Amino acid sequence: MKIYNTMTGRKDDFVPLATGRVGMYACGVTVYDYCHIGHARSAIVFDVISRYFRYKGFQTTFVRNFTDIDDKIIRRAGETGVTWDAVARKYIDEYYRDMDALGIARADIEPKATEHISEMIDVVQTLIAKGHAYAVQEGENESVYFAVDTFGDYGKLSKKDLHDLQAGARVCVDERKKSPMDFALWKASKEGEPWWESPWGKGRPGWHIECTAMAMRHIGETIDIHGGGADLVFPHHENEIAQSEACTGKPFAKYWVHNGFITIDKEKMSKSLGNFFTIREILGVYDAEVVRLFVLSSHYRSPIEFSRDQLHDAESSIDRYYSTVARMDDVIALALEAKSAKMQPAAAAALENMLDRFRPQFEEAMDDDFNTAIAVGHIFELIREINRFVDTKPGGPEAAALLRKAKESLRTVGGTLNLFGRTPQQWNVALLCAKKIPLTEDGIQAKLKERRTARENKDWAAADAVRNELDVAGIVLEDKKDGTTWRVKIV
RNA sequence: GGCGACGUACCCAAGUGGCAAGGGGGAGGUCUGCAAAACCUUUAUUCAGCGGUUCGAAUCCGCUCGUCGCCUCCA
């Protein structure tokens, strides 16, 4: 298994610290606003990575944190006239509402910064004792900064040179700091700000220290995988490395995994540019599975351009998938009553051959730095082969068994990608909802019954009238030997 | 200014030394009461451009052009 490691700049063989176990930590969100589709990408990517480790049989501990104390949260509290912790609570709730709707599994441990204050203080004290950090008086309290020049490896993750950074520093020079690149481990609390008691008086944690404290507490001093969005490489992860490794003298993480951005008109989607869509805006128009396939159709490190066309493509692909499942179900359902059990040997052999290769190919794709785009490609190759087989009009228990085997493989692989877990019927009902089609399943069935009577009487005009009526509403009918089924039209 | 990434068909997207995956769309066909779905054929002699290395390059090297990211909070 190979994983691209930001630290080494290449794909490295994955060797866990402890055989058969993986500890991974992904940076979550700062809870001061609704999540946008960029947060969704990161969540989807690390959800699937953790699923794949489990698929491979690793005993996996996945930690994803909430930053629930921070300048932006305090500012938002001031703007809206509520307390900072009320802001954090609200947006944690909203986070879960969005991520649950997106179908993202909960991480094994979802720690909050404010619940690990004492662990952070311990790390900061150790850093001061080892001469890597210094306290500075600020009003009645003290702030603590990490002295970047005491950590020789500073810049090793982001490949930055300390001198270049200082030369081109855009950060304001802060008189209190010994060096402009030093960063806050602990911030003295100003009047009206939230605070915790500490050896440096009243204060609150800096941004980076929480991840060090929580990763060590919940996984260990060295973790297998540390991940997050590519924008966290510098300064966040660089600073985490400095403070963690200076504290323990051990490597902080073995593999650094960073997902690429979602872009709008080729530009990074971000709060500051204002060019973002929230998860709930998108889920008001597209089904969650569509968003997940859209994200997984590209490699996780590539930038992906967000657009209506892209989501539409993903929607069509999923519809193709479920249409094929429906065809398989028809063959399986008719197997018992099939008078002539038959199967073309060549067609069956072709499908069996592809089925034998399917799981190994999936693993080969995912083992190569989680290449979900290729994995999805293999799924659709199998779908095509299944359709070829079904086109030969197979029947009987042997054909049914072969298709059941295909369904089982697809279910396992799909489950690992968190895709294709529903029935065709559930998919179409979900589409009624996503596309806001004002019809219920029962209502559609009533129309189908009406049309069946017309067709039995060979009243083609009346039958076509029903078809047209439903077509206008966005429903397509498919006449088959044993009845008519409906689908939501993808336009 | 420093560091880094990317440029593959009408659109999206894999492929990083040996015949250019997959999805969407377009065109033609089979099937069908009419449709839809599905399948078949077709849609890149070519991978931003120019050189170089090689028996062989989308893939490696160099240059040019273009786009984007990080260097400040960011997934």
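Rings of Phe, Tyr and Trp, taking the six-membered ring of Trp, count as a pair when their centres lie within 6.5 Å; planes under 30 degrees apart are stacked, over 60 edge-to-face, and the rest tilted. With that rule in hand, the count here comes to 26 aromatic pairs. Please keep in mind as you look around that this is a predicted model.

Now turn to the tryptophans. Trp186 and Trp200 form a tilted pair, 5.9 Å from centre to centre and with 50° between the planes. This pair links distant parts of the chain: Trp186 belongs to strand E7 (residues 183-188), while Trp200 sits in the loop between strand E8 (196-198) and strand E9 (201-205), 14 residues away. Trp186 is buried at 0% relative accessible area, and Trp200, at 6%, counts as buried as well.

Strand E7 leads us on to the sheet. Five strands make up an open sheet in the order E5-E6-E7-E9-E8, with antiparallel pairing. Its edges are strand E5 (133-138) and E8, each of which pairs on one side only. From one strand to the next, the twist averages 40°. E5 and strand E6 (residues 141-146) run antiparallel and are joined by six bridges; Ala133, for instance, has Phe146 in E6 as its bridge partner. Across E6 and E7 lies helix H7 (residues 233-248), which runs at about 80° to E7.

Next, find Thr212 in helix H6 (residues 209-218). Is this residue buried or exposed? Thr212 counts as buried, because its relative accessibility is 0%. The side chain of Thr212 makes a polar contact of 2.9 Å with that of Gln243. Beyond its neighbours within four places in sequence, Thr212 is in contact with Val123, Glu240, Gln243, Ser244 and Phe252.

Finally, two lysines bring us back to aromatic rings. Lys178 lies over the face of Tyr134, at 4.3 Å from the ring centre. Lys268 places its charged end over the ring of Phe261, 4.5 Å from the centre.

Notes
Residues are numbered from 1 along each chain as its sequence is written. Chains are lettered from A and ligands numbered from 1 in the order in which they are written. This is a predicted model: local features need pLDDT of at least 70, side-chain atom pairs count only at pLDDT 80 or more; totals for chains, interfaces and linings use all residues. Side-chain values use heavy atoms; hydrogens and water are left out. Helices (H or I, at least four residues) and strands (E, at least two) are DSSP runs, numbered from the N terminus. Buried means under 20% relative accessible area, exposed over 50%, partly exposed in between (1.4 Å probe, protein chains only). A charge sits over a ring if NZ of Lys or CZ of Arg is within 6 Å of the ring centre and within 35 degrees of the ring normal. A polar contact is a pair of N or O atoms within 3.5 Å; within protein, one must be able to donate a hydrogen and the other to accept it, and residues adjacent in sequence count only if both atoms are side-chain atoms. Contact means heavy atoms within 4.5 Å. Two strands pair if DSSP finds at least two bridges between them. Axes are lines fitted to C-alpha atoms, for helices over the stretch in contact, and angles run from 0 to 180 degrees between N-to-C directions.
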